[in-house]
Amino acid sequence: MSEAISPRVPLRVAPRALPRVPTGQDHEDLTKHGIKVTAADVNFFYSEHQALYGINLAVPKNCVTALIGPSGCGKSTFLRCLNRMNDMIDGTLLRGKILLDGEDIYQRGTDVVELRKRVGMVFQKSNPFPKTIYENVAYGPRVAGVKKSVILEEIVEKCLQQAALWDEVQSRLNDSALQLSGGQQQRLCIARALATDPEVLLMDEPASALDPKSTAAIEDLIFELKDTYTIVIVTHNMQQAARVSDQTAFFYEGHLIEVGRTTDMFTHPREKRTEDYITGRFG
Amino acid sequence: MSVSKYSEGRPYAKIASQAFALACGLCTLLSVSVLVLLLWNIFGFGWSSLSWDFVTSWPSRFAAKSGIWSALIGSLYLIGVTALFSVPIGVGAAIYLEEYAPPSRWRSLVQINIANLAGVPSIVYGILGLGLFVRMMHLNRGVLAGGLTLTLVVLPIIILSSQEALRAVPSTIRQASYALGATRWQTIWHQLLPISLPGILTGVILSLSRALGEAAPLVVIGAATFVRFTPKNLITDDYTALPVQIFNWTEQPQVAFHEIAAAGIIVLLTVLIAMNALAVILRQRFSKKVRW
Ligand SMILES: Nc1ncnc2c1ncn2[C@@H]1O[C@H](COP(=O)(O)OP(=O)(O)OP(=O)(O)O)[C@@H](O)[C@H]1O
Ligand SMILES: [Mg+2]
């Protein structure tokens, strides 16, 4: 990244979201809706290898929090801690607390299945099921117990529209999802995650495989979604972080170096390393 | 054509490569020709004895009057019983080992044992079946005892091949399913089983084909060789099976019996081919649900 970040943030306000996203006032108070997720002194281990060191981070409700940092610094790891997807990797260990609406999700007796319905996720690599496009989106509601096909069809259409995919696939909902292009697959995965109607949406570089047009569509979507959802997004694209997020957290080698309002962070970062990273001097 | 400067050091590389390809081709040719010769021999020997009468008649003391009906039905019953027990238990065990059991010493121990059991000669299972099913559980010498013994023979193979099939499902599929709030069972039922089904079916058919051809364990637990009825009671009634009947006929001194033994082999092969065809059909049916 060599382009300097313009101090006028957001750089590109999504046209559709314009009326609802005032640029100044809204950023004033990130926590006016409360805190949705809190990480308290989170240390994370892959067997012997420690990937996260004492992370303290509050994710404000109905806001977009961007996680940035060089490759391998632990962004995806942190994201996966928030819906306990790391549980699936053998030998992992988390020390510390992660609170969702004040409840520790790592405490004994937490229903992980229920948790993942509340905290949805879009993966770094798109991973559609080898089923039809329709079945991919309908899967979440289905496993949650929705049986009526009228309701399922409604959900599928709404979510595909939100993910800016409906126009391209509406005539071939019964084709295999794997026939879609890479970018279409990623948008399908976003639609699939939306279909479970989560409270928190974790997005791991959702736009890394998308062309500018779909990226813009996804960013518009994120703007719209934060009215109802709390969003945590990992991105390598500084402009994107600046455009879509309210709060930015900078990770470096497993440490949380700096977190703050996106406007502040991109205009006058407190830490030298943050400044170097967002201006593209390393990373 | 330009020659890379590196190939100068290996002047024989090309010849060696061609020689290796030739050797591989010869090996293939050899095994295929042995198979063709064998089939040719059997068909030439048994074809004249093969008729619809032969298929539907009871065995007899006279080769010319003998038929294979009781053995054919006995074999079908056996395969049915074996499939009934070995498929659910085998696939269930595979699911448990792959999807539920956390990695532990205990799991590795079980895993190694299953792999070893797959290599145990089937006659050993015959002795086990004799002790366990016939004597201890008093299942007599009926189809049930035979089917359970064959279940022991094929169970390790079904478990191993089903595990292989489950392991081949990309872990990203599991992650996607769990991340959408699916339970373990929902993930297995809606994602993993449909995707791994072709692999599981292949393993099941191979195993059942093997069970169909097994004579040794059945002889050990006391399958009869001369049965002029089809079993009505799966525990008390005597039965015989194709390989046992064929084996018995080849033991007879008269050449006429050897001929009907060859005809019996043709029947056995036909059943095998039918089973494999069924597998292909099932596989295509089920794979419609999965869209790669
Ligand atoms: N399954 C795993 N087992 C062991 N170590 C892992 C595993 N996944 C990640 N790591 C390690 O944890 C560290 C953080 O990885 P992570 O995937 O969170 O980085 P990231 O910030 O998302 O990077 P990128 O931007 O390239 O996606 C890395 O050193 C990585 O090697
Ligand atoms: Mg990552």
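This is a predicted model: local features need pLDDT of at least 70, side-chain atom pairs count only at pLDDT 80 or more; totals for chains, interfaces and linings use all residues.
Local features require pLDDT of at least 70 and side-chain atom pairs pLDDT 80 or more, while totals for chains, interfaces and linings use all residues. Residues are numbered from 1 along each chain as its sequence is written, chains are lettered from A and ligands numbered from 1 in the order in which they are written, and side-chain values use heavy atoms, without hydrogens or water.

Helices (H or I, at least four residues) and strands (E, at least two) are DSSP runs numbered from the N terminus; the elements discussed are tabulated here.

| Element | Chain | Residues |
|---|---|---|
| β1 | A | 35–46 |
| β2 | A | 49–60 |
| α4 | A | 133–143 |
| α5 | A | 149–162 |
| α11 | B | 255–287 |

In chain A, β1 and β2 pair (at least two DSSP bridges) in the antiparallel sense over eight bridges. A:Tyr46 has A:His49 in β2(A) as its bridge partner. Two residues lie between the strands of this hairpin, where A:Ser47 takes a positive phi near 50°.

Helices α4(A) and α5(A) pack at about 115°, with axes 9 Å apart; axes are lines fitted to C-alpha atoms over the stretch in contact, and angles run from 0 to 180 degrees between N-to-C directions. The two helices are therefore roughly perpendicular (65 to 115 degrees).

In chain B, the 33 residues of α11 should span 48 Å at 1.5 Å a residue, and the end C-alpha atoms are 48 Å apart, which agrees; the expected span is 1.5 Å times one less than the number of residues. Buried residues (under 20% relative accessible area, 1.4 Å probe, protein chains only) of α11(B) include B:Phe257, B:Ile260 and B:Met275. The buried residues of α11(B) pack against α1, α2, α3, α8 and α10 of chain B.

Methods
Buried means under 20% relative accessible area, exposed over 50%, partly exposed in between (1.4 Å probe, protein chains only). Contact means heavy atoms within 4.5 Å. Angles under 35 degrees count as roughly parallel, over 145 as roughly antiparallel, 65 to 115 as roughly perpendicular and the rest as oblique.
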